[in-house]
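Reader: Could we go through some of the helices in this entry together?
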Amino acid sequence: MSLMYERYEFKKLLRELKAKVGRGTELISLYIPPNKNVYDVIKYLRDEYDQAGNIKDKLTRKNVQSAIESIIQRLKLYREIPSNGLVIFCGAIPQGKDRGTEKIEIYVIEPPEPVRSFQYICDHEFYLEPLEDMAREKKVYGLIVMDRGGGLIATLRGSNYEIVDWVTSDIPPKHSAGGQSQRRFERIREERVHDFFKRLGMRANEVLLPLLDELEGIIIGGPGDARERFEEGNYLDYRLKEKVIANLPLSYTEEQGLRELIMKSEDLLKESTLHKERSLVEEVFRLLAKNPNRVAYGLREVERAIESGAAEKILIMEELPMKKVKVRCEICGYEEGRILRKEENVESWECPNCKATSYSVEEIDLVEYFGEMGKQAGAEVYVISPNTEWGMQLRSLGGIVAILRYEVRD
């Protein structure tokens, strides 16, 4: 599986955990660093179990102690804590509106980064901040697009860029008159240029200095020589000046210029998720132009390609407008899958096996569905952001594409 797919799964799990809410302080979050001894953690939990015996409310006491016991039993399966530590969420999740409908649920996670400290927290929700920080794309680039008419400050994190601010300029156009009037006008103009550069630098400092530890680099671009004068002057904080990795000439400003800057910075952004997504989608369109039989697109075509073992790479948009449902006959157990639009529901269904009309419907996340299929078929699965122009190109092909190992003809 690709890192892009693993990150999608991790973020989806965090969203599901965030939605779980308990009654009172019945949800336990346990963060165990890699250097912690398993038996020390179990001893700590035994003490917490005894302390929970003092909870006055009988049902809350029962739920908390049941959750602690579930965690202890799960920890007994480990001889030692994994290399990145262990995170366990466990608690009584209400299954209905009334008290007493709670069910103990447990989630054990081996995190993608080391757990820094031991934490045991009881609350009405799970404590997810450390994992949310791990899920966040770490590499960030600062982007400045400017000319004498104004400057745009943006950040690029993962596959998404965010325009943070637009700093306006009040620099007057060049004066054509001669003599003292022209010299005075040029002095005023230079003062305005200096003032604009100063304001742009101050705003860039405010935006980018808090990101200094994550900042991979700063790329400046724009038409004319303003970008070079800005970099050469002392307008950016010295720590940010050290992070400038390129200063590129552009044909455009504002958001169009920002997209041009990202395109021109391809070699500098090779490690970014955005570049990887662009490379994958461009590979698809190159194959479609030269060898269309090496590409399958659309949900059903890709499904067939995976089932036949032909799929080598699967590109799937993060937010598809479709869903997979599994319909199951409650009489004979017959099951069948359907792909519907997100707003559609199974209104009526008759079992083709026993003709019963009593059935249950289970919705399945399409990204996970194709991810699991791809894993079993030995294909790499890549989850593409829908918010980039490459995501929009993928949307035009139905939001899912398979690059095939060999030509498949109809």
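This is a predicted model: local features need pLDDT of at least 70, side-chain atom pairs count only at pLDDT 80 or more; totals for chains, interfaces and linings use all residues.

Reader: At what angle do H2 and H3 pack, and how far apart are their axes?
Author: Helix H2, residues 38-52, packs with helix H3, residues 58-75, at an angle of about 170 degrees, and their axes lie 10 Å apart. Angles over 145 degrees count as roughly antiparallel, so H2 and H3 are roughly antiparallel to each other.

Reader: Is that crossing left-handed or right-handed?
Author: The crossing of H2 and H3 is left-handed.

Reader: Which residues meet there?
Author: From H2, the residues are Val38, Val41, Ile42, Leu45, Arg46, Glu48, Tyr49 and Ala52. They meet Arg61, Val64, Gln65, Ile68, Glu69, Ile71, Ile72 and Leu75 of H3. By class, this contact has eleven nonpolar, one polar and four charged residues.

Reader: Staying with H3, which of its residues are buried?
Author: Thr60, Asn63, Val64, Gln65, Ala67, Ile68, Ile71, Ile72 and Leu75 are buried in H3.

Reader: And what do they pack against?
Author: The buried residues of H3 pack against H2 and against strands S1 (27-32), S2 (86-93), S3 (103-109) and S4 (119-123).

Reader: What about length: how far does H3 reach?
Author: With 18 residues, H3 reaches 26 Å from its first C-alpha to its last, close to the 26 Å expected at 1.5 Å a residue.

Reader: Turning to H9, what span should it have?
Author: Helix H9 covers residues 273-290, and at 1.5 Å a residue its 18 residues should span 26 Å. Its end C-alpha atoms are 26 Å apart, which agrees.

Reader: Which H9 residues are buried?
Author: They are Thr273, Leu274, His275, Glu277, Arg278, Leu280, Val281, Val284 and Leu287.

Conventions
Residues are numbered from 1 along each chain as its sequence is written. Side-chain values use heavy atoms; hydrogens and water are left out. Helices (H or I, at least four residues) and strands (E, at least two) are DSSP runs, numbered from the N terminus. The expected span of a helix is 1.5 Å times one less than its number of residues. Buried means under 20% relative accessible area, exposed over 50%, partly exposed in between (1.4 Å probe, protein chains only). Axes are lines fitted to C-alpha atoms, for helices over the stretch in contact, and angles run from 0 to 180 degrees between N-to-C directions. Angles under 35 degrees count as roughly parallel, over 145 as roughly antiparallel, 65 to 115 as roughly perpendicular and the rest as oblique. A crossing is left-handed if the near helix is turned anticlockwise from the far one by less than a right angle, and right-handed if clockwise. Contact means heavy atoms within 4.5 Å. Ala, Val, Leu, Ile, Met, Phe, Trp, Tyr, Cys and Pro count as nonpolar, Asp, Glu, Lys and Arg as charged, and the others, Gly among them, as polar.
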